[in-house]
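Hi,

Here is the structure I promised to pass along. Have a look at it first, and then read on for what turned up.

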Amino acid sequence: MSGLTLILSLPTTAWAATGPSRLMLTTQDWPPYQVYQDGEMRGTALNKVKCALGKLGQPYQLTMTSWQKAQLAVQSAKQDGFFVAAQTQERDEYATLSTPIAQQRISWYFATGVKPLPSSLIKLDLRVSAKFGSNKWFELKRGGYNVVKKPRDAKTLLKLLKNREIDAILEDELVFKHTLKDAGLNADYFQSELVETLSMGVYFSNHFIKQYPDFLGHFNAAVSSCEK
C-alpha cells in the first residue's frame, strides 16, 4: 500500500489492553482535516485522533494515501480504520463509525456568471462535479446530475470552476476555503449555497471491532475527553 506512513508508540495504559499492539489507520491528504506538511502529519481531525489515542496509550501506525485506497484497505481488513468520513450505507456494510470528531458543511459553489440555483434546477441545467471517489461524486451520479470530469482534489475542482469548464461543484466548506486561500483568492470569490451539515468520524472495520469489542467505546470516551 503506497503512501506516507507514521508509526508512533505511546506509554501503555490500562485502556490500551482493549486494543491491538499497533492500531493500523489510514487516511487521505485532505487539508485542513489532515495534511502532510513540513515533514509532519497534522490537521484538525488528525490531531483529535492523536489526542484520543494518546489518552488510551494506544500505539498506532498511520498511512496517508488516496481516499479510494484508504477505504478499500479497511474493507479488505488490511487496515483497522480510516478517517475522517461521514456515515454512508455502503461504509456501514463493512465498518462502524466512531463518535464525531469533525463537522462538515457541504455547499454548492458556482462559477462566475452562473446564478445560484436550487438543487432541483442544478440537476436540469448545470454541469457539476465533486472530488472523484468521494461520496459526494457518487451521490451526484446516482441522483441524475450532469456530472462531468473526475477531479482528484479540491485544487483541480477550483481550476475547473474558475475556467468555467464546469458550472458548479459540491465541496466541503473548510476544504474549499483552504484551497481558495492557497490560490490567493478571497473566501467569497464564488457564490455558494449550503446544502447540509454532516458529522464525520473514524470508521473502524467490523473485523477489527469483532477482535477488540471494547475498543470503540473507549475510543469514543477518549474523543469526548479531548473536547474538554
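To start with something to look for: how many nonpolar, polar and charged residues does the lining of the second largest pocket have? By class, there are 13 nonpolar, 7 polar and 6 charged residues in that lining. Before I go further, please keep in mind that this is a predicted model.

A bit more on that second largest pocket. Its volume is about 370 Å³, and 26 residues line it. If you want to find its centre, go to Ile106, Asn135, Lys136, Glu139 and Leu198, which lie nearest to it. Several elements give two or more residues to this lining: the strands β6 (81-86), β8, β11 (168-172) and β12 (191-205), plus the helix α5 (135-142).

Now for the largest pocket. About 560 Å³ of space lies in it. It is lined by 24 residues, and the closest to its centre are Asp29, Arg152, Asp153, Ala154 and Lys155. The lining splits into 8 nonpolar, 8 polar and 8 charged residues. Three helices, α2 (67-75), α6 (154-162) and α7 (173-182), each supply at least two residues. The one that gives the most is α6, with 5 residues.

Two of those helices also pack against each other. How are α6 and α7 arranged? Their axes are 9 Å apart and the angle of packing is about 70°. That falls in the 65 to 115 degree range, so α6 and α7 count as roughly perpendicular to each other. On the α6 side, the residues in the contact are Ala154, Lys155, Leu158 and Leu161, and they meet Val175, Phe176, Thr179 and Leu180 of α7. By class, this contact has 6 nonpolar residues, 1 polar and 1 charged.

Where does it sit? You will find Lys115 in the loop between β8 (102-110) and α4 (119-125). Is Lys115 buried or exposed? Its relative accessibility is 65%, and the cut-off for exposed is over 50%, so Lys115 counts as exposed. Lys115 and Gln89 are 26 residues apart along the chain, and their C-alpha atoms are separated by 33 Å.

Cheers

Terms used: Residues numbered from 1 in each chain as written. Predicted model: local features only at pLDDT ≥ 70, side-chain atom pairs only at ≥ 80, totals over all residues. Heavy atoms only, no water. Helix = DSSP H or I, 4+ residues; strand = E, 2+ residues; numbered from the N terminus. Buried < 20%, exposed > 50% of the residue type's maximum accessible area, 1.4 Å probe, protein only. 1 Å grid on protein atoms, 1.4 Å probe; cavity = no way out; pocket = protein on both sides within 12 Å on 5 of 7 lines; lining within 4 Å. Points joined across faces, edges and corners; volume = space filled by probe spheres on them. Nonpolar A, V, L, I, M, F, W, Y, C, P; charged D, E, K, R; others polar. Axes fitted to C-alpha atoms, helices over the stretch in contact; angles between N-to-C directions. Parallel < 35°, antiparallel > 145°, perpendicular 65-115°, else oblique. Contact = heavy atoms within 4.5 Å.
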